[in-house]
Number of protein chains: 2
Amino acid sequence: MPGVVEDSPLEIAIVGGGIIGLSLAAGLIKQNVNVKVYEQAKGFREIGAGMAFTANAIRCMGLMNPDIVSALRSGGSVATSLDKNDPNDYLRWIDGYNKRRKDDPSHQTMLFKIDAGYKGFEGTRRDQFLEALVKVIPEEIVELKKRLDTIEEKANGRVQLKFTDGTTAEADAVIGCDGIKSRVRELLFGSDNPASFPHYTHKVAYRALVPMDKAISALGEYKARNQHNHVGPNAHLIHYPVANQTMINATAFVSDPNEWPDDKVTVVPALRKDLEDAFAGWNPCLTALIRHFPEKLDKWAVFDTWDYPAPFFNKGSVCLAGDAAHASSPHHGAGACCGIEDALCLVTLLQQVNATLATTPTTKTKKAEALAAAFEVFDAVRRTRGQWLVNSSRRVCDLYHQPEWGHPQKWTKAETCFEEIRDRSLKIWHFDYDGMMRDAVARYAEKVVVGAAANGSGVENGTAKAKGAAAMAGVVEVPVAVAAN
Amino acid sequence: MPGVVEDSPLEIAIVGGGIIGLSLAAGLIKQNVNVKVYEQAKGFREIGAGMAFTANAIRCMGLMNPDIVSALRSGGSVATSLDKNDPNDYLRWIDGYNKRRKDDPSHQTMLFKIDAGYKGFEGTRRDQFLEALVKVIPEEIVELKKRLDTIEEKANGRVQLKFTDGTTAEADAVIGCDGIKSRVRELLFGSDNPASFPHYTHKVAYRALVPMDKAISALGEYKARNQHNHVGPNAHLIHYPVANQTMINATAFVSDPNEWPDDKVTVVPALRKDLEDAFAGWNPCLTALIRHFPEKLDKWAVFDTWDYPAPFFNKGSVCLAGDAAHASSPHHGAGACCGIEDALCLVTLLQQVNATLATTPTTKTKKAEALAAAFEVFDAVRRTRGQWLVNSSRRVCDLYHQPEWGHPQKWTKAETCFEEIRDRSLKIWHFDYDGMMRDAVARYAEKVVVGAAANGSGVENGTAKAKGAAAMAGVVEVPVAVAAN
């Protein structure tokens, strides 16, 4: 049936050209989906801050499209450990506050360490990764300066996007990867619904890059050259080496019982003095480190979707992924990893939709129905984990900030938190993405019951077709690989 | 060397004749340890309340001594599910508060369900189980009316117990299984240390047995006949059928921001009216159920060791186990299961001590040294998990009592707690006791380095001897079985 809409390739509009939007686009290209990415900025909008991906998330990238992994590594990704004697990556927690040794007030007690294995994390700069990721995707796919205004479902089952510059675009479905301040989210839930917007976590962050020699003079050689998370009453400070060990990237988080005055402005100028006040009475190593922060620096209000989670991630042909669906505070350092898991799930499902359309007389299963089913499954498979991460990130920050760290009689209680922190970290690092993919395929097959046997038309990816047909025949336990890695 | 103390069987004094003390005694008997149990009461002190053990904890009992499992079952243990169509046991959470359906105010939303599998739990009455457990142990092992006063380490490496009746006893080591108000704990940490005593969890409990016909009239047939946990703002109510489905056992827990006035008196008379006030405005099913509680009932203050955990479980030849080591609130229903895990760990370690003494010239490793090493390993292997349970029980109760259950705009947030509750439940149910035993054996072997090769003298249990020797030779990955099951 040439010329009929149902017979043409899937067209997906991705709103947002961040790391998740572009990774998803790279994954969908491999499935012969027609993708467009609409980005509101003039260029790519990530800032130059550091970020790290878990080995698990990097495997998810490889399953979507190995070029994403190449982009990550070409952008200068490095294993976060630079210790020649021990190549594994660790997370370390150290007592930032109390003075257990009167004879050595700068002594800090190591509290806990988790081994993430060899290349457990790979760090990169957001802007560098994004720049490399853009090159993975054909240039014509991305449209810049497109700020989404509205989305309308049309009578023919298609979706129309209107942009604030007055232009429009059409697609079979829209996936909102437009981050914590997602417009797609607001359109789904309505401007009067608190679930449309992120809310204040009552934590503020101060960041600084400190030259390595100054960091060593404050912290000592070992601490300066390795990641450490200093915990204490109502605050914590985390640092790790960057720029080939010439600097450390240090971020201090401070509890704030007050409301944040303005949801629109979440970064405000501040003084080092504010930070010094928050860390007054802490271990001298930390007060010394903070003296190397610039006198004037930014204060970031941390927002998330903890108070008002999205009640669903999908509606018809519209779907949310990444921070747009579940914006987490950064305390697990895993928000982007969770978004990558989302993208892998969507790629897996849209592969199934392709297979449905290829093997079904088009009068039986329409694109819009198959896409709605796929997004329904995405919601069922991903919402629990996405929101769990938001909750868990809040929780671990509360544990880092326990007031008990300040009271000698309560140190023992405070220290009992690490079994929970370990469990939460392992739940992130050891995510069963194969299980997720199998689950998604099986649930989709339950929803999209096709009458006809596979006829093989219209899909060029033979693997996708075979997997789709197997799933539709009710075979659940197929090993699923979206793309060779 | 007959006649020399070092050459005689191990003598262990267990303080406390509760379920953990007697199970431990039953396990040690199998290892040819000379055990004495000192119980302060005139008889056995468990009350007639219901309790349930996980399938996992029952396997731990079997590894210590299969007679413990027989005692549990002879005492009338039953699988908690009585549904003929579905023999599995479940935990169920249901919305006890809100009214989502205006047309049906008594509608309750099922929130979450976890499948514990076939015979996932086996319920019993504490007093019945204890009575059967006593019969597993030779009569002369237990001494009643022995209230511990002090413990003294003697010059010969032995330990002397003094009782409040003026009598004394000696042993090679003392294990305190004397529960939440443990005297052994107080002796270890000192009367001026808050870690010596349990503290108020700021929750009170009200219990009642309600005849099944009345429960059905309030809740409906299905809910009355199956376990349900009704959650809501600042309170929850849990019930399950007992006495062959002729009654339900219902317990309501209510948050209390105040301090508890008297640590000595933790059960006080109360009125149903107090409970009605706490549940005012809840779902009509619950207010109807509470009307079937007696007009006068007891209020239990729930205490635990969350605020001031034990900084260690062992000191020399003295060790704590079960609630004496880590007293949990009852919200996971797993305090006794965790105590059974402790007992299995101690039996495993004392088997190793026996093997050390049998294979080592007595001049090299003395009993006191081997026992101190075993208890040191017990602390390393068990303290984290024991205290995790205390923390986790507090945490799940906080999640059950979220104020957000009371606010329609925050129901979505409240409901996101179940992934965490599931993870916590599975951590309890799927405990890797084989791993714990291997870990304990390996750590003990690291501490007790023996010069001489195994000589096989003095130990009658060949399996124990072989395992001990293997462990001492540095073989870590031996599958360990303390007793055939």
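In this predicted model, 100% of the interface residues of chain A are also interface residues in chain B, so the two copies meet through the same surface. The contact draws on 24 residues from chain A and 24 residues from chain B. Putting the chains together buries about 2,000 Å² between them, and carbon and sulfur atoms give 54% of that area. On the chain A side, Lys413(A), Thr416(A) and Glu419(A) supply 22% of what the chain buries against chain B, more than any other three residues.

Now for the helix pair, inside chain B. Two packed helices are described by the angle between their axes and the distance between the axes. Here α11(B), residues 367-400, packs on α14(B), residues 433-447, at an angle of about 140°, with the axes 9 Å apart. Because angles over 145 degrees would count as roughly antiparallel, this pair falls in the oblique class instead. The crossing of α11(B) past α14(B) is right-handed.

Which residues do the touching? From α11(B) they include Ala370(B), Ala373(B), Val377(B) and Arg382(B), and they meet residues of α14(B), among them Met436(B), Asp439(B), Tyr444(B) and Lys447(B). By class, this helix contact has nine nonpolar, five charged and no polar residues.

Definitions and conventions
Residues numbered from 1 in each chain as written. Chains lettered and ligands numbered in written order. Predicted model: local features only at pLDDT ≥ 70, side-chain atom pairs only at ≥ 80, totals over all residues. Heavy atoms only, no water. Contact = heavy atoms within 4.5 Å. Axes fitted to C-alpha atoms, helices over the stretch in contact; angles between N-to-C directions. Helix = DSSP H or I, 4+ residues; strand = E, 2+ residues; numbered from the N terminus. Parallel < 35°, antiparallel > 145°, perpendicular 65-115°, else oblique. Left-handed = near helix turned anticlockwise from the far one by under 90°. Nonpolar A, V, L, I, M, F, W, Y, C, P; charged D, E, K, R; others polar. Buried area = accessible area lost by both parts, 1.4 Å probe.
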